[in-house]
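Here is a short tour for anyone meeting this protein for the first time. Have a look at the sequence and the model, then read on.

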Amino acid sequence: MISYLYNELKEHFQTAGGRDPRTADLPLCNSYAAVIGIIVVYVLFVKKIGPAFMAKRKPYNIRWLISLYNLAQVVFNAYVFIRVTKHFVFHSKYSWYCMPSDYTDFSEDTMQLRKYGYFYFLNKISDTIDTLFFVLTKKYSHISLLHVYHHATMIWGSFLYMNVLFASNISVIGYVNALVHAVMYFYYFLTSLKLNLDLNKWKSRLTTFQLVQFFYFAIRLFIVLTHNTCGLPNFWLWVIFVENILMILLFSNFYYRNYIVKKPKSTKPVKSK
């Protein structure tokens, strides 16, 4: 088993960094070092550099900027979800069970999927801006291990997709995740506006929505692992499958601690005079 894992990793990294000729020319998609560097800088900033910078400063009033960012995320993720529906779900090679990553496939649908896959990858990097907002507003309690880990692994996972699993069955992860993020950022947009609305009950529903997507991904990945008729790399399928199981455990723990143990009370909206 150890020998198998070693050989899989050796073979991958010998050809890594622009492994897929259909995506090798895209900026950042051909450099493992650059992506790892982005993740390292992100973690260092939100855990060390940012808090040190804000130590003697008051929280910035950037509610307008946060609202604008959330709205932009809603529009972007909804756009990606709609466009990928056309070029992934209706792709000539689409299969619910197993869809290969054919490095010789330069069809129109595949190259359109490349564009939206790349947009999605860049968006996973820009997702880290919300952590920057937490630092600038000194909401350090929001910068949990789950929050930082999730952002870091989404950057790495989307990069891996563009290099190794592009236009395969794994496209479903970004596809569904774009929908989840459109809904999630719409909730954040509404809360940032400080409207006279009781949105408290939607917190647990959003976490449930995220959990459902991870369960769905795990099921899809398990099916591909047990019916891998399209030649996808088993090693990376197992890595992504285990990652989804870990996310299920982490989000379940978050849900249990925040919505079962604490049992938050719904706050009624203040009536306008």
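What share of the contacts in the protein with a separation of 6 or more comes from residues 24 or more positions apart? It's 80%, where contact means heavy atoms within 4.5 Å.

A quick word on the ground rules: this is a predicted model, in which local features need pLDDT of at least 70 and side-chain atom pairs count only at pLDDT 80 or more, while totals for chains, interfaces and linings use all residues. Residues are numbered from 1 along each chain as its sequence is written, and side-chain values use heavy atoms, with hydrogens and water left out.

**The overall picture**

The protein has nine helices and zero strands, so its pattern along the sequence reads α-α-α-α-α-α-α-α-α. Helices here are DSSP runs of H or I with at least four residues, strands are runs of E with at least two, and both are numbered from the N terminus. Of the 273 residues, 44% count as buried. Buried means under 20% relative accessible area, exposed means over 50%, and partly exposed is in between, using a 1.4 Å probe and protein chains only.

**Two helix pairs**

Two packed helices are described by the angle between their axes and the distance between the axes. The axes are lines fitted to C-alpha atoms over the stretch in contact, and the angles run from 0 to 180 degrees between N-to-C directions.

| Helix pair | Angle | Axis distance |
|---|---|---|
| H3 (residues 63-89) and H7 (residues 171-192) | about 155° | 8 Å |
| H8 (residues 201-226) and H9 (residues 234-261) | roughly 155° | within 9 Å |

That makes H3 roughly antiparallel to H7, and H8 is likewise roughly antiparallel to H9. Angles over 145 degrees count as roughly antiparallel, under 35 as roughly parallel, 65 to 115 as roughly perpendicular and the rest as oblique. H3 and H7 cross in a left-handed way, and H8 passes H9 in a left-handed crossing too; that label applies if the near helix is turned anticlockwise from the far one by less than a right angle.

What sits in these contacts? Between H3 and H7 there are 19 nonpolar, eight polar and one charged residues, and between H8 and H9 there are 20 nonpolar, seven polar and one charged. Ala, Val, Leu, Ile, Met, Phe, Trp, Tyr, Cys and Pro count as nonpolar, Asp, Glu, Lys and Arg as charged, and the others, Gly among them, as polar.

Asp-127 lies in the loop between H4 (108-126) and H5 (129-136). Is Asp-127 buried or exposed? It's buried, with a relative accessible area of 3%. Not counting residues up to four places away in sequence, Asp-127 touches Tyr-69, Gln-73, His-151, His-181 and Tyr-185. Its side chain makes a polar contact of 2.8 Å with the side chain of Gln-73, and another of 2.8 Å with that of Lys-124. A polar contact is a pair of N or O atoms within 3.5 Å; within protein, one must be able to donate a hydrogen and the other to accept it, and residues adjacent in sequence count only if both atoms are side-chain atoms.

Gln-73 turns up again with Asn-77, whose side chain reaches the backbone oxygen of Gln-73 at 2.8 Å. Asn-77 is in helix H3 and is buried, at 0% relative accessible area.
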